[in-house]
Amino acid sequence: MSRSKPFSGRFMRAGLCVVALLAQACAPGDSGVPEPADIIGFAPGEDFKLANYGPIAEYFVALAASTDRMVLEQIGESTRGEPLYLAAISTPANLARMDRYKEITRTLAYARDPDGGYGTILPEDEARALAQEGKAIVWIDGGLHATEVAHGQVMPEMAHYFVTDESPETQDIRENTILLLMANINPDGLDIVADWYMSNVGTEFEMSRVPELYHHYIGHDNNRDWFMLTQVETQAVTRQLYHNWFPQIVYNQHQTGPFPGRIWMPPFANPVNPNLDPLLVSSLNQMGHSMRKRFDVEGKPGVSSGIVYDLWWNGSMRGGPDYHNMLGFLTETAGAGYATPRCYDDIPETFGARSGDLPALTPSTNYNNPWLGGCWHIRDAMDYMMTAAKAVAATGAKLKEEYLFNHYWMGRRQIERGMAAEGGPFAYVLDPSASHDASSVVEFMDLMSQSGIEFLLADEGFRAGGQDFPAGSYVIPPQAFRPYVVDLMEPKDFPDRRQYPGGPPIPPYDMTGYELRFQMGLEVVNVDEPFEMPLGEWGVVSSAVGSVTGTGSAGYLLDGTSNWVYRGLREYLAGGGELFRATRSLSTAAGNVAEVPAGAFWLPGLSEDEAGRLSSDFGLTLTGLPAAPAADALAVVRAPRVAIYRSWRAPMPEGWTRWVLDEYGIAWQNVWDADIQGGALSEFDVIVLPAQEESGIRDGNAPGSMPEQYVGGLGAEGAAALRSFVEDGGWLVAFDAAVDYAISTFALPFRNRTRGVSSQDFFLPGSIIRLEVDPTHPLGYGMDADAVTLFARSQVLEPTVRRPGVSTPVCYPETDYLVSGWTLGGDEYLAGQTAAAQVAVGSGQVVLFAFTPHFRGQPRNTFKLLFNALWGAATEDLPMGAGAACGANR
């Protein structure tokens with residue numbers, strides 16, 4: 001049986017060259033500073049060649065060892081254990097005073113007087129003096145999206161240039177900035193892509209797509225992880241941005257922009273998020289114009305701006321810094337086609353239709369020097385990236401004092417806005433005990449801590465906004481990074497924008513509503529009036545949200561409302577404990593716990609010490625009982641045996657599913673097309689179909705498009721095997737777009753109301769939608785009856801016929817369904833319809849989720865829907881419940 005072990009034909013690394021180089025055996029230039037080719041074996045930028053991460057990392061190590069102008073730090077490890085390197089380049093004198101310059105940038109970023117109490121703003125004259133003393137911190141990274149190969153290959157050249165170049169401009173850059181170059185944010189992805197491409201160069205599959213995710217878990221979504229911070233690479237970079245360096249400029253490189261443009265750069269397209277400071281937006285515009293001017297001086301055509309990429313969403317690598325008053329921006333350089341050159345002679349008349357056409361053949365303000373065609377090599381893309389990097393660094397050096405002071409000025413203004421409760425409340429207060437799942441409050445506050453947000457954990461009860469709060473509550477007060485907090489708290493109203501009057505919507509770059517306040521199911525109190533801060537600890541997060549009540553002579557009931565339950569159960573079951581699940585609410589008469597809702601776990605014979613350890617280690621709530629619950633209220637349960645279908649088309653939701661299960665302690669195995677077609681599925685209780693279109697599951701990659709072992713999908717043979725698996729008692733769980741495959745394969749009595757519907761009639765590209773959940777149904781165990789989901793071009797189910805064995809425990813509301821974002825046609829296509837259904841098929845069950853309850857690892861309030869579907873498959877005699885029909889179908 002195949003497990004999670006994708007293609008990885010890694011090439012041998014040039015590990016010995018570093019040692020040899022330092023002994024002058026790798027023939028560096030006369031300066032003693034190695035050229036990239038000395039380590040890598042060729043100069044990156046040659047056609048048909050890609051270097052993987054090993055030689056690139058070794059080049060950075062060798063470069064740092066050869067010069068006093070660069071300091072190299074390992075800031076973490078990748079998911080697969082590669083070192084993450086960050087180079088600081090400046091003058092030797094500046095590097096010797098790095099700690100002082102970090103102190104300056106931190107002080108200016110937070111805009112607080114470090115010697116004053118809470119709310120004391122740094123005086124302007126002191127800020128100006130610090131801005132004069134300090135150095136601008138300029139961040140440039142490469143490699144985030146590994147299939148965009150040029151920026152991963154250019155970083156050694158970029159480091160070499162800024163270390164060795166002696167032009168007056170570069171000397172000024174080293175004198176007035178500390179330039180931070182991230183060798184590669186996603187080294188695992190670089191190895192996957194480079195190894196795949198180099199193994200296929202010169203064959204018919206030279207340009208074939210990589211048949212696995214180019215990040216172990218989340219592929220391209222590693223640029224969608226910058227407020228949820230689920231991945232170790234994201235966390236490592238976040239520490240540098242918001243705890244260590246506090247850069248004024250964060251430049252994130254990408255490929256590829258709208259064709260035929262050769263590079264996209266700021267200014268951004270509309271809309272602009274109203275939570276951003278206006279000085280941030282104008283500064284981004286200024287930076288973009290400075291960059292464009294350099295391209296014009298160098299005679300490099302094809303620079304576009306003002307289309308496609310907007311300033312609305314907070315979740316990208318360049319987006320998060322904007323909400324910290326840092327200039328976060330990207331470029332999109334042409335040519336994400338590996339290292340194989342391409343030639344173009346058919347240039348369209350216009351481009352950028354997503355957000356307003358630009359003329360492609362004649363100059364305009366946002367495309368003033370059109371590129372009229374020709375051949376494009378990886379070297380061309382790297383040259384454009386070098387020009388952009390030089391422009392960014394030179395602008396940072398020239399305006400270093402302005403950037404440093406403006407960082408302070410924006411932070412100060414945000415503190416003052418918070419004190420006046422403008423654009424949001426004075427403070428947010430979170431009492432973990434008030435939220436349905438206290439663990440989500442802990443996880444949210446940990447995210448705030450990682451993101452550099454200031455908050456207080458109260459040691460005492462206090463009163464604010466006419467309400468009493470207990471000790472253990474969190475207070476998020478006015479602060480410099482307030483835009484980040486408000487953006488993740490307050491609902492949004494995305495503007496209705498059309499490509500032309502009455503025409504299709506202009507899609508957002510990503511999400512239109514995404515607030516963690518809603519996705520994580522947090523009970524948050526907005527306090528508008530200033531109040532005296534209670535005594536407490538700043539920046540401390542406590543995971544002590546569990547409790548143990550009752551004597552427990554017979555055992556303990558484990559409340560199922562916490563997502564952390566499954567981590568605790570993994571340890572409990574590993575010790576050989578028996579496990580049951582309550583199929584109805586149970587009275588306890590234990591202390592203040594009068595009743596435990598359906599879905600609780602019964603752990604017979606658990607000792608008081610063991611209960612205390614589960615509570616303290618995993619933040620769980622347990623209630624001891626002197627006698628076991630009635631047998632007819634319990635169902636025997638064990639850990640589910642989970643299979644996750646993994647297609648060679650490598651959809652990101654598959655990787656996200658693996659990550660969530662790993663994070664919460666649920667074991668799984670991958671099954672591929674051949675595994676399912678072989679029919680040896682009896683070792684599993686449940687098979688998961690992550691979100692993927694029906695044709696991708698059924699047909700896979702087309703014959704001739706890939707090496708033979710990677711083509712084809714499940715086909716008729718796989719569909720028949722899945723039907724046999726379910727009819728024999730197995731469960732199949734399908735998410736989002738995969739519901740179409742499940743409906744057709746099992747002839748289920750539902751249709752997808754959104755399938756084939758034009759975006760002019762129904763369009764919900766990424767908004768937060770309410771859900772109505774039946775918490776007495778096994779799929780809804782532990783859920784709040786009022787939940788939300790992130791509907792990202794998701795699905796809507798409608799029953800086609802009435803038949804026994806069908807329940808619909810999750811519905812879209814008939815009215816008031818939009819929480820945040822934007823929707824078109826929701827009243828007609830979504831309101832009152834089915835969001836999740838369970839259908840008996842033979843002796844088994846098929847579960848349909850019209851959305852993904854674990855989308856990008858964000859909606860913690862719906863994770864239990866996923867967990868319940870998996871654990872339900874391993875529960876004996878679980879009552880399915882009737883599940884009342886959703887409103888529009890009653």
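The link between Cys343 and Cys375 is right-handed, with 95 degrees about the S-S bond, and it belongs to a model that is predicted. A disulfide is a covalent bond between the sulfur atoms of two cysteines. In this pair, the sulfur atoms of Cys343 and Cys375 lie 1.9 Å apart. The bond links distant parts of the chain, since Cys343 sits in strand E11 (residues 342-344) and Cys375 in strand E14 (residues 374-376), 32 residues apart. Cys343 is exposed, because its relative accessible area is 56%, whereas Cys375, with a relative accessible area of 43%, is partly exposed.

The count of disulfides in the model comes to 2, and the other bond joins Cys811 and Cys886, whose sulfur atoms are 2.0 Å apart. With -80 degrees about the S-S bond, the link of Cys811 and Cys886 is left-handed. Cys811 lies in strand E38 (residues 806-811) and Cys886 in the segment after helix H26 (863-872), so this pair ties together parts that are 75 residues apart in sequence. Are these two cysteines, Cys811 and Cys886, buried or exposed? Cys811 counts as buried because its relative accessibility is 6%, and Cys886 likewise counts as buried, at 1% relative accessibility. When the bonded cysteines of the protein chain are numbered in sequence order, the pairing reads 1-2, 3-4.

In soluble globular proteins, nonpolar side chains tend to be buried together. The largest nonpolar core of this model holds 169 residues, and the members that touch the most others are Phe329, Leu430, Phe444 and Ile476. Helix H13 (residues 378-398) supplies the largest share of this core, with 13 residues. To see how such a member is surrounded, one can look at Phe444, which, leaving aside its neighbours within four places in sequence, is in contact with Leu430, Ile476, Met489, Leu516, Met520 and Leu522. There is also a second, separate core of 99 residues, and among its members are Val686, Leu714, Tyr781 and Phe863.

The next feature is a pair of helices. Two packed helices are described by the angle between their axes and the distance between the axes. Here the axes of helix H11 (residues 278-298) and helix H14 (residues 400-419) come within 10 Å and cross at roughly 155 degrees. Because an angle over 145 degrees counts as roughly antiparallel, H11 and H14 are roughly antiparallel to each other. On the side of H11 the contact is made by Leu279, Leu280, Gln286 and Met287, and on the side of H14 by Glu402, Tyr403, Asn406, Trp409, Met410 and Arg413. What kinds of residues make up the contact of H11 with H14? They divide into 6 nonpolar, 2 polar and 2 charged.

Two single residues complete the tour. Thr234 is found in helix H10 (residues 232-245), and it is buried, because its relative accessible area is 2%. Not counting residues up to four places away in sequence, Thr234 touches Asp225, Trp226 and Leu229. Ser724, which is found in helix H23 (residues 715-727), is partly exposed, with a relative accessible area of 36%. Between Ser724 and Val596 there are 128 residues of separation along the chain, and their C-alpha atoms are separated by 38 Å.

Note on methods
Residues numbered from 1 in each chain as written. Predicted model: local features only at pLDDT ≥ 70, side-chain atom pairs only at ≥ 80, totals over all residues. Heavy atoms only, no water. Core = buried A, V, L, I, M, F, W, Y, C linked by side-chain atoms within 4.5 Å. Buried < 20%, exposed > 50% of the residue type's maximum accessible area, 1.4 Å probe, protein only. Helix = DSSP H or I, 4+ residues; strand = E, 2+ residues; numbered from the N terminus. Contact = heavy atoms within 4.5 Å. Axes fitted to C-alpha atoms, helices over the stretch in contact; angles between N-to-C directions. Parallel < 35°, antiparallel > 145°, perpendicular 65-115°, else oblique. Nonpolar A, V, L, I, M, F, W, Y, C, P; charged D, E, K, R; others polar. Disulfide = S-S within 2.5 Å.
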